[in-house]
Amino acid sequence: MLTIVSPEDNHGFLSNPITLTNYNNAAYTCPMKTAIQTGEPVVVRHKEACPPYSQWWRKTISNDYGTVLALPIIYKDCTIGALNIYSVDSEAFNNEELMILLELAKDLAYGISALRTNEKHTKAMADLALSEERYRTLFETANEGILIADPVTQKMEYANPAMCNILGYTADELTKLHVSELSHEDDLTYVLSEFQSHLDGAKTLSYAIPLMKKDRSRVILETFSTMVVINGKRLLAGFFTDQTEMVAARKEQMQAECKLRDTLEKTVEVIAKTVELRDPYTSGHQERVASLAEAIAIKLNLSSEEIKGIHMAAIVHDLGKIYVPSEILSKPGRLNEIEYALIKTHAQAGFDILKEVDFPWPVSEMVLQHHERIDGSGYPRNLKGSEILIGARILHVADVVEAISSHRPYRPALGVDTALKEISDNSGKYYDKDVVDACIEVFKDGYQLEHHEELDVGHT
């Protein structure tokens with residue numbers, strides 16, 4: 001009788017006439033256990049059954065058997081089971097028979113291993129087929145366009161229905177095309193450069209790419225591309241979303257915003273000129289302050305948007321003077337306390353007029369703060385240091401320099417040197433030090449206030 005036992009279980013996977021209840025008991029020894037553990041054949045005869053096999057024979061083996069042979073089944077230096085042969089002959093299994101049976105054990109080991117390998121291969125092929133079916137389903141039903149190309153030859157290899165729908169081709173038509181046939185001449189250099197990026201080592205890229213539809217119209221696609229391996233071949237897979245309408249809408253929105261800004265700027269300039277008509281002595285003052293403030297902001301390396309906002313605030317920084325009686329604005333002598341208090345209301349008044357306007361910059365706040373001082377002695381809120389917007393700090397310095405340099409009803413122009421000395425002497429006290437330094441540098445670079453003869457500023 002034969003039985004084959006695996007070390008992975010106690011049940012024998014071809015037949016099992018013997019119960020191995022105590023197989024894993026360290027104190028319980030049987031031939032098959034020894035064969036599996038040592039990798040050597042074991043022969044036990046009934047008449048010789050003595051420790052360590054006497055207990056095993058007495059409990060499990062019928063007296064009808066005279067000899068038990070256990071042969072290890074070894075494959076690639078690993079024992080994968082044991083072959084047990086039972087004989088009624090107490091003198092069974094001589095050396096010649098043993099050699100034949102050892103060969104049989106080797107053949108069994110090879111066959112069992114082949115069966116296991118074939119089972120694993122069959123399962124792997126089934127899993128692969130299922131996986132391929134899943135990926136094919138995803139490929140065919142994806143909402144995104146998928147286009148796979150050879151990055152070297154730049155020829156299309158695969159296209160899913162969504163990509164065909166985007167470009168207006170059938171899958172057969174697309175897979176016969178070269179990338180140059182999907183690009184307008186003006187776009188080809190850019191498109192080819194993206195292919196080259198992958199050949200140069202880029203694993204994944206995300207970008208917008210223009211392609212040409214079958215009807216030769218241009219389409220803008222948001223693209224994510226990556227290198228993949230299909231059937232052992234390195235290919236470039238691109239995932240595309242049509243952004244043509246969104247890009248067009250964005251362009252229209254930008255044009256509308258630019259038009260709105262232009263209209264807003266022109267409206268603000270008209271308002272500013274209206275204010276200056278009431279005060280001929282300060283005609284052009286706001287424009288000159290805006291010009292100087294912009295130059296200072298550029299020297300401070302502020303962003304283009306910040307500079308634009310500062311320019312706009314400067315154009316209307318004295319808008320609140322529309323509420324101040326023109327007799328006070330053009331008074332030739334010094335103002336009394338009440339008149340000066342009225343003048344000081346113009347910052348708050350300008351803020352109240354502008355706060356309802358939806359500027360893309362904090363224009364109303366800069367107008368409100370343009371007379372605040374670093375030490376808190378300014379008006380109307382007595383703000384200090386960084387509490388004051390950088391734009392308002394720039395406006396303050398530009399406003400002071402322009403006012404001192406220009407003619408006023410109550411005094412002649414004092415000149416640029418005097419103006420720069422004022423801001424230099426009070427740098428860090430009334431005026432922001434960085435802004436003062438930038439203003440002085442602007443004049444050293446040759447900046448001039450329009451309509452005024454400038455003095456030497458080398459020692460300011």
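This is a predicted model: local features need pLDDT of at least 70, side-chain atom pairs count only at pLDDT 80 or more; totals for chains, interfaces and linings use all residues.
Asp187, Val191, Glu194, Phe195 and His198 are the buried residues of helix 6. They cover an arc of only 95° around the axis, so they lie on the same side of helix 6.

Helix 6 runs over residues 185-199 and has 15 residues. From the first C-alpha to the last, helix 6 reaches 22 Å, close to the 21 Å expected at 1.5 Å a residue. Its buried residues pack against four strands: strand 5 (145-149), strand 7 (204-212), strand 8 (218-230) and strand 9 (233-242). The face turned away from the buried side of helix 6 carries Glu185, Asp186 and Thr189, which are exposed.

In sequence, Ser405 and Val416 are 11 residues apart, while in space their C-alpha atoms are 5.1 Å apart.

The cysteines can be taken next. How many disulfides does the structure hold? The structure holds 0 disulfides. A disulfide is a covalent bond between the sulfur atoms of two cysteines. Cys30 has a relative accessible area of 1%, so Cys30 is buried. Cys78, with a relative accessible area of 40%, is partly exposed, because this value falls between the 20% and 50% limits.

Conventions: Residues are numbered from 1 along each chain as its sequence is written. Side-chain values use heavy atoms; hydrogens and water are left out. A disulfide is a pair of cysteine sulfur atoms within 2.5 Å. Buried means under 20% relative accessible area, exposed over 50%, partly exposed in between (1.4 Å probe, protein chains only). Helices (H or I, at least four residues) and strands (E, at least two) are DSSP runs, numbered from the N terminus. The expected span of a helix is 1.5 Å times one less than its number of residues. The arc is that of the directions from the helix axis to the C-beta atoms. Contact means heavy atoms within 4.5 Å.
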